[in-house]
Amino acid sequence: MHYIKIHSLDNVAVALADLTEGAVVTVENHTVTLREAISRGHKFAVCPIAKGENVVKYGLPIGHALQDIAPGEHIHSHNTRTNL
């Protein structure tokens, strides 16, 4: 496996290796087609995340979505902000 969902409450997974655009991954009961390449160590959505909704990693809200984020989209500073 080249990705991991760290906590059962997470709505993101983390790439453990570089993943290619179009790759199909299954994270628990979610089958996701990556909408872009995901670099090792970066997050991608495993389910839809609505604008304003928390991005959850480690079972905790680490930020919130600045726009609607579709499954398979890269999660980073272009579409999220920290909650700090």
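**Ring pair, strands and a surface patch**

One aromatic pair is counted in this predicted model. The rule pairs rings of Phe, Tyr and Trp (its six-membered ring) whose centres lie within 6.5 Å; planes under 30 degrees apart are stacked, those over 60 are edge-to-face, and the rest are tilted. The ring centres of tyrosine 3 and phenylalanine 44 lie 6.3 Å apart and their planes meet at 75°, so the pair is edge-to-face. Tyrosine 3 belongs to strand β1 (residues 3-4) and phenylalanine 44 to strand β5 (residues 43-45), so the pair ties together parts 41 residues apart in sequence. Strands (E, at least two residues) and helices (H or I, at least four) are DSSP runs, numbered from the N terminus. Tyrosine 3 is buried, at 14% relative accessible area. Phenylalanine 44 is also buried, at 0%. Buried stands for under 20% relative accessible area, exposed for over 50%, and partly exposed for values in between (1.4 Å probe, protein chains only).

The model is predicted: local features need pLDDT of at least 70, side-chain atom pairs count only at pLDDT 80 or more, and totals for chains, interfaces and linings use all residues. Residues are numbered from 1 along each chain as its sequence is written, and side-chain values use heavy atoms, with hydrogens and water left out.

Strands β1 and β5 belong to an open sheet of four strands. The order is β1-β2-β5-β8, with antiparallel pairing. β1 and β8 (74-75) stand at the edges with a single partner strand each, so one side of each has no neighbour in the sheet. Two strands pair if DSSP finds at least two bridges between them. β1 is joined to strand β2 (residues 12-15) by two bridges. Here isoleucine 4 has valine 14 as its bridge partner. β2 is joined to β5 by three bridges. Valine 12 stands opposite alanine 45 in that pairing.

In a regular strand, side chains alternate between the two faces of the sheet. β2 is covered on both faces. Val12 and Val14 are buried on one side, Ala13 and Ala15 on the other. Strand β3 (residues 24-27) has one covered face, with Val25 and Val27, and one uncovered face, with Val24 and Thr26. β3 pairs with strand β4 (residues 30-33) in the antiparallel sense, over four bridges. Valine 27 stands opposite histidine 30. The hairpin of β3 and β4 has two residues between the strands, and glutamate 28 takes a positive phi near 50° there.

A nonpolar patch lies on the surface. Ile4, Ile6, Leu16, Tyr58, Leu60 and Ile62 form this patch, with about 540 Å² of accessible area together. Patch residues have over 30% relative accessible area and no salt bridge; like charges are joined within 9 Å, and nonpolar side chains (Val, Leu, Ile, Met, Phe, Trp, Tyr) within 5 Å. A salt bridge is a side-chain nitrogen of Lys or Arg within 4 Å of a carboxyl oxygen of Asp or Glu. Areas come from the Shrake-Rupley method with a 1.4 Å probe; for residues, only the protein chains shown count as cover.

Leucine 60 lies in strand β7 (residues 60-65) and is exposed, at 52%. Isoleucine 62 is also in β7 but is partly exposed, at 31%. Isoleucine 62 contacts (heavy atoms within 4.5 Å) Lys43, Val55, Lys57, Thr82 and Asn83, leaving aside neighbours within four places in sequence. Threonine 82 is 20 residues from isoleucine 62 in sequence, yet their C-alpha atoms are 6.0 Å apart.
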